[in-house]
Amino acid sequence: EPLPFFIHDRAINLFDDDETVQRVIDTIRVTERSEGPVHLLVLDTLSRVMAGGDENTVKDMQKVVDACDQIRNETGAHVCLVHHSGKDSSKGARGSSSLRSSTDTEIEIDQDDSGLITAKVTKQRDLELSKEMASALRVVELGRNPRGKMVTSCVVDPQQPGKRRKRQKVPRTANAKICWEALTNAMPDLGIRRKVHDETVQSCLIEEW
């Protein structure tokens, strides 16, 4: 089913800018008049919404936390901040620890060498910690562009936590890249879907390649 998903494609600054905070609140209220309740606001990333601030200082971090609290309190929407770990991921999110102390739920997302993506709840203020979730990105075909080339995107495939996936092979040598490009160019005009090893894939004959 279509999801009511909206993107604001310009950076906003929640650091020391009360006017911007109020505009975010007003935007949510206007959206709700035509689309229904807004349940989730994702801010991607924390460093982009605190332009001019220092994420390593408690004072600056607290200004952004206060802005998120104001948005949540006035709209009822959950505010989700996307943030990054430092060079040592075992130490958690980078910057001031005041962010974590103010957070209700912290979910750590990681990807191993096989492409398996895991999401683990590392803090939960009021509920029990949920089990680790795992997923992978699966390429899907959306159709062809005006030049006849296949347009693809990704969907999330649930996986079993701890189960390593085979990493998709990509060409590395010069000759392999030439072969790969030739195959990519042959597919729009010559490729058809065939069953290969119990899997239906887009393919062309080696002579056509």
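**Salt bridges in close-up**

**View 1. Arg-72 is partly exposed, with a relative accessible area of 34%.** The model shown here, as in every view below, is predicted. Arg-72 pairs with Asp-69 in a salt bridge, and 3.5 Å separates the closest N and O atoms. Both residues belong to helix 3 and sit three residues apart, about one turn of the helix. Asp-69 is partly exposed as well, its relative accessible area being 27%.

**View 2. A salt bridge joins the side chains of Arg-29 and Glu-74, at 3.5 Å from N to O.** This pair links distant parts of the chain, 45 residues apart: Arg-29 is in helix 1 (residues 18-35) and Glu-74 is in helix 3 (residues 58-75). The relative accessible area of Arg-29 is 36%, which makes this residue partly exposed. Glu-74 has 35% relative accessibility and also counts as partly exposed.

**View 3. Arg-193 and Glu-141 form a salt bridge whose closest N and O atoms are 3.4 Å apart.** Arg-193 counts as partly exposed at 48% relative accessibility. Glu-141, at 41%, is likewise partly exposed.

View 4. The contact between Asp-69 and Arg-72 is the one shown in View 1, with 3.5 Å between the closest N and O atoms. Over the whole structure, a search finds seven salt bridges.

Technical notes
Residues are numbered from 1 along each chain as its sequence is written. This is a predicted model: local features need pLDDT of at least 70, side-chain atom pairs count only at pLDDT 80 or more; totals for chains, interfaces and linings use all residues. Side-chain values use heavy atoms; hydrogens and water are left out. A salt bridge is a side-chain nitrogen of Lys or Arg within 4 Å of a carboxyl oxygen of Asp or Glu. Helices (H or I, at least four residues) and strands (E, at least two) are DSSP runs, numbered from the N terminus. Buried means under 20% relative accessible area, exposed over 50%, partly exposed in between (1.4 Å probe, protein chains only).
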